[in-house]
Every structure is written in structure tokens, then in C-alpha cells.
Amino acid sequence: MTLAALLPTINAALNGLSACLLAAGYLRIRRGDRDGHKRCMLSALGVSTIFLASYLTLRAVAGMTRFTGEG
């Protein structure tokens, strides 16, 4: 399996993990857990940064995908 074929799956997983961390951070701050909220938010930032690096790598390796249909 090539890197270009694997990266979209990795990117989707990273985005999903970031969303889960944001939701967990929201729940923690609602419960008054400031330290837990901070950990979740910083983790979400880190995961999003990794996603950005992965996405830019994908675009560098595979190039842009053009829509070839109508509409």
C-alpha cells in the first residue's frame, strides 16, 4: 500500500480524534474540571497539528484531485 493511499484514512482518524478531544474538553469544562479541559484542548491542538502535517504531505505526494463530473 502506498503512502498516498494510506494518508486519507490517517487524516480521517486524526480529524475524528480531534473532534472527540474537543467534545471531551467541553464536557470537562462544564463539570468544572479545568485541568482536564486544558489537557483535552492541548491534545486536540496537537492532533490537529499532526493532521495538518499529514494533509500537506498527502497533497505534496498525490497532488490535487479534480472533480471530473458534471454540475
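Predicted model: local features only at pLDDT ≥ 70, side-chain atom pairs only at ≥ 80, totals over all residues.

Tutor: Residues are numbered from 1 along each chain as its sequence is written, and side-chain values use heavy atoms, with hydrogens and water left out.

Student: Is Ser18 buried or exposed?

Tutor: Ser18 lies in helix 1, and its relative accessible area is 7%. Buried means under 20% relative accessible area, exposed means over 50%, and partly exposed lies in between, with a 1.4 Å probe and protein chains only. Since 7% falls under that cut-off, Ser18 is buried.

Student: Which residues is Ser18 in contact with, leaving aside its neighbours within four places in sequence?

Tutor: Contact means heavy atoms within 4.5 Å. Helix 2 is included in what covers the buried residues of helix 1, and the buried residues of helix 2, among them Ala44 and Val47, pack against helix 1. Leaving aside those sequence neighbours, the residues in contact with Ser18 are Ala44, Val47 and Ser48.

Student: How many disulfides does the count come to?

Tutor: A disulfide is a covalent bond between the sulfur atoms of two cysteines, and here the rule asks for a pair of cysteine sulfur atoms within 2.5 Å. The sulfur of Cys20 has its closest cysteine sulfur in Cys40, but that is 11 Å away and therefore too far for a bond. Cys20 is exposed at 52% relative accessible area, whereas Cys40 counts as buried at 9%. By this rule the number of disulfides is 0.

Student: Which residue forms a salt bridge with Asp33?

Tutor: Side chains of opposite charge can pair when their charged atoms come close. A salt bridge is a side-chain nitrogen of Lys or Arg within 4 Å of a carboxyl oxygen of Asp or Glu, and a search of the whole structure finds 1 of them. Asp33 counts as partly exposed at 27% relative accessibility, and its closest N and O atoms to the partner are 2.8 Å apart. That partner, itself partly exposed at 33%, is Arg28.

Student: How much accessible area does the nonpolar patch with Leu52 have together?

Tutor: A nonpolar patch joins side chains of Val, Leu, Ile, Met, Phe, Trp or Tyr within 5 Å, from residues with over 30% relative accessible area and no salt bridge. Leu52, which lies in helix 2 (residues 34-62), counts as partly exposed at 46% relative accessibility. Accessible areas come from the Shrake-Rupley method with a 1.4 Å probe, and for residues only the protein chains shown count as cover. Together Leu52, Tyr55, Leu56 and Met64 have an accessible area of about 410 Å².

Conventions
Helix = DSSP H or I, 4+ residues; strand = E, 2+ residues; numbered from the N terminus. Patch = residues over 30% accessible without salt bridge, like charges linked within 9 Å, V, L, I, M, F, W, Y side chains within 5 Å.
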